[in-house]
Amino acid sequence: MSTPLIEIHHAQVVRDGRTILSVDRFVLLRGERVAVLGPNGAGKSTLIRLLTRDVLPIHTERSRVLVDGDPLKPLFEVRALLGIVSDALQSDYDRAVTVEHVVLSGFFGSIGLYRTGEVTGEMTRAASEAMDALGIGHLADRTMDTLSTGEARRALIARALVADPAALVLDEPCHGLDPSATWHFRRTLSSLARSRRALVVVTHHVEDIVPEIDRVVLLDGGRIVADGPKRDVLTSERLSELFGFPMRLEERDGAYRWW
Ligand code: ADP
Ligand code: MG
């Protein structure tokens, strides 16, 4: 049996007097592969920021965010367990830092390397493995500001993976990619999903829900409106209601499209 990696209980996030997220229960098990699907503004990124404690829920008797069963896990350990890639992170990295340094910086939670002396041979080996796994080994010496959006995204994923986190969390991973980069990237998503680590893909594109993802959480207006096996959750009726237009969902070999 898998054990819970993260549990959120009765968490409410309020901004400008408005509840932007209200979650009664969300549990991510070790090794689970989950998609969080919902329209713009549904609260998806807020849910992710709750996991990393970038936002905190309103304090009540019942509100709890547990990591590895621990409500008080030190922030540094929480962040080491979760490898996260978001657009916000990507804009932080549009600068003259080499890809290799960006990937190595994953060991230190920094943007670039400020103490190269602390990099061990083992770290360098792990960085090169992570770059190879993302197909960017040849870009190791290029600086981030010279990369395409897709290449930079891969560098940030390699950074997120380098210290072997228990979960990889990708917030809108295909955002800004052209059709060819998107197609290639979804294949990478599939191979990332085949590892033993947990994967959370946050998206508003049903096509990002690669066949290897088995559970889908639907978010709407800051609330979880469905959470379960992909086959049960992904229906034309549900998604038409969620996104507010009539759509027909089609599945082929575990991949989904809508019309
Ligand atoms: P999603 O990632 O699903 O597009 P977000 O989690 O980014 O949605 O945002 C959910 C809602 O909360 C949106 O309506 C957004 O405008 C609002 N929101 C997010 N962060 C803040 C903030 N710091 N202050 C005010 N409103 C916010
Ligand atoms: Mg978002």
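Helix H3 (87-92) and strand S6 (167-171) each supply at least two residues of the lining of the largest cavity in this predicted model. That cavity holds about 30 Å³ of space, whereas the largest pocket, in which ligand 1 sits, holds about 1,200 Å³. The points below take the cavity, then the pocket, and then the surroundings of the ligand.

**The cavity**

- A search of the whole structure finds one cavity of 30 Å³ or more, and its lining is made up of Val 85, Ser 86, Asp 87, Gln 90, Arg 153, Leu 170, Asp 171, Glu 172 and Pro 173.
- By residue class, the lining of the largest cavity divides into four charged, three nonpolar and two polar residues.

**The largest pocket**

- The lining of the largest pocket comprises 45 residues, and those that lie nearest its centre are Thr 52, Asp 54, Ile 84, Ser 86 and Leu 89.
- Two or more residues of this lining come from each of S2, H1, helix H2 (75-81), strand S5 (82-85), H3 and helix H6 (149-161), and the largest share, five residues, is that of H1.
- The pocket lining divides into 19 nonpolar, 15 polar and 11 charged residues.

**The shell around ligand 1**

- Ligand 1 sits in the largest pocket, and the elements that give two or more residues to the shell around this ligand are strand S2 (18-29) and helix H1 (44-51).
- H1 gives the most to this shell, with three residues, and H1 also provides the largest share of the lining of the largest pocket.
- The residues around ligand 1 include Arg 15, Asp 16, Arg 18 and Ile 20, together with the run Pro 39, Asn 40, Gly 41, Ala 42, Gly 43, Lys 44, Ser 45 and Thr 46.
- Sorted by class, the shell contains five polar, four charged and three nonpolar residues.

- Ser 45 contributes through its side chain, a polar atom of which lies 2.9 Å from an oxygen atom of ligand 1.
- Taken alone, ligand 1 exposes 560 Å², and the protein buries 65% of that area.

Definitions and conventions: Residues numbered from 1 in each chain as written. Chains lettered and ligands numbered in written order. Predicted model: local features only at pLDDT ≥ 70, side-chain atom pairs only at ≥ 80, totals over all residues. Heavy atoms only, no water. Near = heavy atom within 4 Å. Polar contact = N/O pair within 3.5 Å; in protein donor to acceptor, adjacent residues only side chain to side chain. Areas by Shrake-Rupley, 256 points an atom, 1.4 Å probe, with all protein chains shown as cover. 1 Å grid on protein atoms, 1.4 Å probe; cavity = no way out; pocket = protein on both sides within 12 Å on 5 of 7 lines; lining within 4 Å. Sits in = over half its atoms within 2 Å of the grid points. Helix = DSSP H or I, 4+ residues; strand = E, 2+ residues; numbered from the N terminus. Nonpolar A, V, L, I, M, F, W, Y, C, P; charged D, E, K, R; others polar. Points joined across faces, edges and corners; volume = space filled by probe spheres on them.
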